[in-house]
Amino acid sequence: MDKFRKEYLGSGITAFVSDSHSFGTDAVLLADFSSPSKHSVCCDLGSGCGIIPLLWCKKETGKITAVELQELAVEQINAAIEYNSLSERLSAVNADLRELKGSVPFGCFDLVTMNPPYKASGAGIESRSGADKIARHETMCTFSDICAAAKKLLNFGGKLCMCIRPERLCELMLEMHSAGIEPKRLRLVAKCPGKAPWLALIEGRRGGKSGITVEPELFVHDSDGGYSEEMKKIYGDYLLENRGENS
């Protein structure tokens with residue numbers, strides 16, 4: 001554990017982060033947007049340091065599985081599981097989401113999430129480090145791979161929640177639809193009023209009927225530059241502990 005840094009998330013939950021595997025605002029927003037219910041059985045694909053499952057653990061949920069390809073990140077998740085005594089709620093699986101058979105049970109999850117690589121393979125300047133390259137570019141999985149994996153994992157009516165840059169939203173929605181996961185809920189996120197959205201949060205349901213609800217835009221900051229009231233609620237006690245903001 002000494003090679004990782006502790007980051008307190010509030011409500012008695014601590015994450016272990018490193019230079020290779022940390023987290024940003026998008027992961028916090030996806031954890032809130034997906035909001036599993038008390039008894040939901042959940043799976044987070046490409047879990048990184050496990051931030052989304054750990055944020056879920058601040059509230060009561062069903063069993064949670066974190067799937068991660070990179071061994072160092074899995075070490076971080078397991079360190080957090082041990083430190084927070086979460087072994088009965090959360091487990092980490094070191095696996096490729098394209099090859100989950102035998103590693104994770106199919107057809108039993110109420111919720112699958114993924115904060116995917118935002119850039120298509122070959123688009124833009126690729127990151128130099130292996131961890132960053134996998135996290136930011138589609139070198140190890142595509143939208144099609146993610147949707148295919150979610151289809152296998154979800155029960156009928158189960159939901160897939162993802163976040164993505166708005167410019168790739170159409171591409172993702174087409175892949176979800178092709179996999180039998182119908183886009184049902186969408187929310188755009190902007191840094192502040194008057195700025196174009198930088199993030200899209202989307203939920204699809206396996207076997208769902210057509211028709212999507214577009215929720216009001218979420219602003220990270222208010223017009224004065226501080227966190228918006230909604231963002232303060234999303235961060236909760238993590239914000240109070242780490243950002244010095246009043247609720």
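1. Helix H1 is mostly covered, with eight of its 10 residues buried, where buried means under 20% relative accessible area, exposed over 50% and partly exposed in between, with a 1.4 Å probe and protein chains only. The buried residues of H1 are Asp26, Ala27, Val28, Leu29, Leu30, Ala31, Phe33 and Ser34, and just after H1, Ser35 takes a positive phi of about 30°.

2. This is a predicted model, in which local features need pLDDT of at least 70 and side-chain atom pairs count only at pLDDT 80 or more, while totals for chains, interfaces and linings use all residues. Residues are numbered from 1 along each chain as its sequence is written, and side-chain values use heavy atoms, with hydrogens and water left out.

3. The protein has eight helices and 11 strands, these being DSSP runs numbered from the N terminus (H or I of at least four residues for helices, E of at least two for strands). Of its 247 residues, 48% count as buried. Among contacts with a separation of 6 or more, residues 24 or more positions apart account for 67%, a contact being heavy atoms within 4.5 Å. The protein exposes about 11700 Å², of which carbon and sulfur atoms supply 48%, as computed by the Shrake-Rupley method with a 1.4 Å probe.

4. The second largest pocket holds about 340 Å³ of space. Of the 16 residues that line this pocket, Ala31, Asp32, Leu55, Lys59 and Ile234 are the closest to its centre, and the elements giving two or more residues to the lining are helix H1 (25–34), helix H2 (51–56) and helix H7 (229–235). A pocket here is an open set of points on a 1 Å grid over the protein atoms alone, where a 1.4 Å probe fits, with protein on both sides within 12 Å along at least five of seven lines; lining residues have an atom within 4 Å of a point. The volume is the space filled by probe spheres set on the points, which are joined across faces, edges and corners.

5. By class, the lining of the second largest pocket has eight nonpolar, four polar and four charged residues, with Ala, Val, Leu, Ile, Met, Phe, Trp, Tyr, Cys and Pro counted as nonpolar, Asp, Glu, Lys and Arg as charged, and the others, Gly among them, as polar.

6. Zero disulfides are found in a search of the whole structure, a disulfide being a pair of cysteine sulfur atoms within 2.5 Å.
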